[in-house]
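Good morning, everyone, and thank you for making time for this. I would like to walk slowly through one structure with you, so please keep the picture in view while I talk.

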Amino acid sequence: MTFDPFLIAILIGLGLIYAVLIKGKWRGWFLLAASVIAIYWLQTATAVRFGDYILQTVTVVLTVLTWWVTRPSSHKEGKAVWPSLTREDWLTLAVVFGLVVALAFNRFVDADYRLTPARPPSPLWVAGILLALGLVWAGLTRLLRRADQRKVLTAVILLIVLLFIILKSPPLTTAASAYWRSLTGQQVALGSPSDLVWLGFSYVAFRLISTLRDRQTGILPDLTLREYVVYVLFFPAYVSGPIDRAERFVEDFRELPQLKGLDANRWLYGGQRIFAGMLKKFVIADSLALGMSLTAENAAQTQSADWLWVLLYGYALRLFFDFSGYTDIAIGIGVLFGIRLPENFRRPYLSTNITAFWQRWHITLSDWARFYVFSPLSRSLLRRKPRPSKTLIIFLSQMSTMLVIGLWHGITWNFIIWGTWHGVALFAHKQWSDKTRRWYNDLSNHPWQKRSWTAVTWFLTFNYVALGWVWFLMPTPQLALETFGKLLGVIR
Amino acid sequence: MNQESPSTWRVIGRIILKAAVLFLALNLLFAWVRPLDTLGRLTLYNWFLPGRERLPYGENPAEANNLSLNNLPAMFASHRVSQPKAEDELRVFILGDSGMWGWFLENEDTLAGQLNEMGLVTEDGRTLTFYNLGYPIMSLSKDLLLLDVAMQYDPDLIIWPVTLESFPSQKQLDHPILQNNPERMRHLIETYDLQLDANDPRFIDPDFLENTIVGQRRPLADLLRLQQVGFAWSATGIDQAIPAEIPLRKSDFDEDVSWQTYDEPVTLTTDDLTFDVLGAGVQMAGDVPILIVNEPIFISDGANSDLRYNAWYPRWAYDQYRDLLTAEAAAQNWPLLDLWDAIPPDEFTDSPVHLTPTGPEMLAELLRPYLP
């Protein structure tokens, strides 16, 4: 399920109940319960049996596990020791466990009234598996009691990355689906990547990795299990982001008891964002989606380069209005619940260079990549002996960052090329701007020239980004190359 | 969050109230003015987008870049027929059913496309331009409804292919395009004294509330979607999803002679078939010459083909229809060209009137001698 007007209306209604009826410390608990329930509700049905329920349960389990290993360690006798759970953590664990098991009772509910998209497995089975996992966990915790926390954190990062690779790589997803089907007695040969639609995992994975890395670098604030689970699973941002940072999120979360329920300013602002988002998504983007934007099918059928450009621009606009509309809705709903999610778009298509574009397009993802890929990698390269040239360091860091962003969308050649496309442009722009800085600064004395130059650079940037979407959109590099050929009039 | 905004619940209340009042007023105004026909004429086609080669029809807009709607002005505004007539142009309109519209045919392969391909020029130097005004519904009343709108586009000749399936009285109002244009249909019934019920319960007469923006949201959305799919249509030239493998019509039949409501052969009379609608079309054309063509049909030689020509027509009904059509045309002095068996069976695709690309080409050659 994605955000549709009906769902948005329900969430606004829920926001109203939250504002009027839920007071003080109960707000945090409300968000915890709402988030856990919402992720099952938002998930679409999967072709593999129990897939929708199990995938979201894995998300919950992984979130709790990651919180466990990211708790601050204290030091006893020179060894790192994790503190025991507080009463609130135990309570949170009980609530989460209770909700996950309770959701399995949808098995006995008529399909029209279920909170899960398909029939979940038996609650008894779910409870048994979760308790068994808890026991294994407790055993592991005992074993790892005095283990180096950095290594444990790295192991969990690798586990998440492995899951991510399986999910984003079509051959591996197909194999995983086939394996799943073999377990559930379904036809193995029908396994396909579309079987394992794991809603929200891309965003969850990056949130989890960010907290694991922040713990490694010592900048993660101390979070209770409740704060952590709500941060990772917060329902307005679960489907399409933005990817918030834990330290920022928790500031708002801890202010919830003091939040004025029916604050007119907050409701007006939230309402405006939701309205703007709905306009962008359901009016503009959905209009562009019907016949006015490029698809793999119409790219192959289009007879003239001119119309292909029109459709490509349509696709570029559609992508922006769709994604930024979703973000507006997520931010608006977040505001109704007292959480201010970060901005994700700042008029990206008005950028006059590719660096500015990436500071204004999917901001939270590019910030994430800058923080967790670019900066550590460039610092590490700077520390190397012999130290590579500054140009090489920038090149490697920018390429790696953009490759990660590309691969985040899917492990396919097209996304690798798309990431490279932008990595090369970022590197080229850096070199160009370094060499032309003085000339550019002098342009301020020549307003007309500056304006003309701005128009030219805007045109180049927009078209470079738009052409990059061809790699993003087409299912194979071959089709993308054919589309480029048509756009440039080389192929008819 | 804009914390400095002076907004209060009162401001929010005023915004909601103003929006509600505006929404209500616009809805009432819309229901009073009923501007759908006018809005239908506002189009991107024929100036920003090329005009369509055939009237919009399609159930899968995303795949076919086309959609079915009931707004006749919008349908014609999207068609290239609404372009201004050139001075040296001789306009020929081709009416008809899905066979003429070109089911499973590219635009250039339809009858209109094939005739245009011939590049015909009259002795006085005028270029014959053929316009495909077929529509995939079997109903003569639908042809009449479309002709009524088409007449404002100044035709010089009208070719009206017909087949028995379009004649039965009970089928005339079966389709939404007829049911959703009750005023136009009633006007036609009254003007031409047609033997159709002006109060037929299938007519959809929206009440005042149903005429509001909310009530008419689907027709309004259709107008917008017709413009949207125009972009992909312009880019690809595709206005129909043609499958790679086109299914073939049935050639072998059960021992069955039923047709429409008749289980056994009966003697058909002119009252059983809507010749009055055909006559109304001829009358509507006025001075504009009209050529009625009995459309080619698939003639099977499979099992029980001695009883039936094809899945639609038992021999007894079709033979009587031909006799009646010929007699009526002679009596009324209608120009009639009977091409019922002019196309070989191999040139039919999934229905008794749908043709392969070669079919319309052959048909065009057969029509050529009858053109100016």
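This is a predicted model: local features need pLDDT of at least 70, side-chain atom pairs count only at pLDDT 80 or more; totals for chains, interfaces and linings use all residues.

Let me begin with the sheet in chain B, an open one of 5 strands, which run in the order E2-E1-E3-E4-E5 with parallel pairing. A strand here is a DSSP run of E of at least two residues, a helix is a run of H or I of at least four, and both are numbered from the N terminus; two strands pair if DSSP finds at least two bridges between them.

Residues are numbered from 1 along each chain as its sequence is written, and chains are lettered from A and ligands numbered from 1 in the order in which they are written.

Staying with that sheet, strand E4 (residues 290-294) of chain B pairs with E5(B) in the parallel sense over 3 bridges, and Val293(B) stands opposite Leu337(B) in E5(B). Helix H12 (residues 315-332) of chain B packs on the sheet, where it touches E4 and E5 of chain B, and its direction makes about 155 degrees with that of E5(B). Such angles run from 0 to 180 degrees between N-to-C directions, and axes are lines fitted to C-alpha atoms, for helices over the stretch in contact; two residues are in contact if their C-beta atoms, placed from the backbone, lie within 7 Å.

For chain B as a whole, there are 13 helices and 5 strands, and the C-alpha trace spans about 85 × 50 × 45 Å along its principal axes. Of its 372 residues, 39% count as buried, where buried means that 20 or more other C-beta atoms, placed from the backbone, lie within 10 Å of a residue's own, exposed means 12 or fewer, and partly exposed is in between.

Phe50(A) has a positive phi, near 65 degrees, and sits in the loop between helix H2 (26-42) and helix H3 (51-70) of chain A. Is Phe50(A) buried or exposed? Phe50(A) counts as buried, because 22 C-beta neighbours lie inside 10 Å. Gln260(B) also has a positive phi, of about 50 degrees, but Gln260(B) is partly exposed, with 15 other C-beta atoms within 10 Å.

Finally, in chain A, the peptide bond from Lys385(A) to Pro386(A) is cis, with omega near -5 degrees, and Pro386(A) lies in the loop between helix H15 (363-383) and helix H16 (390-409). H15(A) and H16(A) pack at an angle of about 145 degrees, and their axes are 9 Å apart. Among the residues that meet there are Leu365(A) and Phe374(A) in H15(A), and Ile393(A) and Trp408(A) in H16(A).
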